[in-house]
Amino acid sequence: MAGGGGGLGRQGSSPELFDINQHHLNVIGVGHPSLDMLCRVTASHGLHSKLTGAGGGGCGITLLRPDTSPLAMEAAKRDLCACGFECWETNIGAPGVTLHSSSSLNAEVLHALSES
C-alpha cells in the first residue's frame, strides 16, 4: 500500500486512473486472477489498486489518498492478509516532471538537448 502527497497530478482523478489502468492491463493480458482479487478486496474498502508494472509479476499497489481513513487502511490490510497477500507500507511522492528554463541548464545539457 502506498501513501503520499499526490504524485499523480490532479488527485481527483488518480483513483479513476488506477482503475482504468488496471482494466487496460487486464485487456492486454498481463493481469492475473490474484490481482483481480486484490482490486476487489481494496475496492470493498473504497480504495483503488493495480499491478505495479515493475516486471517480474506478483506485486500490486493500492492508492491511499491523504484523506484515507486509518480504519479503512487497517481493515483493507486485514482482509488482504486473510486472502494470503503480504502488505508493505511505503510513501511515494516526488516533484515529477519539472520544467526548467534554458538559462538554468549547463552547456553540456544544452548541447545534448540540441542533438536530440
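Among contacts in the chain (heavy atoms within 4.5 Å) between residues at least 6 apart in sequence, 60% join residues at least 24 apart. This is a predicted model, in which local features need pLDDT of at least 70 and side-chain atom pairs count only at pLDDT 80 or more, while totals for chains, interfaces and linings use all residues. Residues are numbered from 1 along each chain as its sequence is written, and side-chain values use heavy atoms, with hydrogens and water left out.

**Overall architecture**

- The chain has four helices and four strands, which are DSSP runs numbered from the N terminus (helices are H or I with at least four residues, strands are E with at least two).
- Along the sequence, these elements follow the pattern β-α-α-β-β-α-β-α.
- Of the 116 residues of the chain, 25% count as buried, a term for under 20% relative accessible area, with exposed being over 50% and partly exposed in between (1.4 Å probe, protein chains only).

**Helix α1**

- Helix α1 covers residues 14-27, and its 14 residues should span 20 Å at 1.5 Å a residue, which agrees with the 20 Å between its end C-alpha atoms; the expected span is 1.5 Å times one less than the number of residues.
- The buried residues of α1 are Ser14, Pro15, Phe18, Gln22 and Leu25.
- Seen down the axis of α1, these buried residues fall within an arc of 105°, so they line one face of the helix; the arc is that of the directions from the helix axis to the C-beta atoms.
- These residues pack against α2 (33-43), β2 and β3 (60-64), and just after α1, Gly29 takes a positive phi of about 90°.

**Ser49 in strand β2**

- Ser49 lies in strand β2 (residues 48-51) and is buried, with a relative accessible area of 2%.
- Its side chain makes polar contacts with the side chains of Thr42, at 2.7 Å, and Thr62, at 2.6 Å; such a contact is a pair of N or O atoms within 3.5 Å, where within protein one must be able to donate a hydrogen and the other to accept it, and residues adjacent in sequence count only if both atoms are side-chain atoms.
- Leaving aside neighbours within four places in sequence, Ser49 is in contact with residues including Phe18, Gln22 and Ile61.

**The largest nonpolar core**

- Leu38, Cys39, Val41, Leu80 and Phe85 make up the largest nonpolar core, meaning a set of buried Ala, Val, Leu, Ile, Met, Phe, Trp, Tyr and Cys residues joined through side-chain atoms within 4.5 Å.
- Helix α2 gives the most to this core, with three residues.
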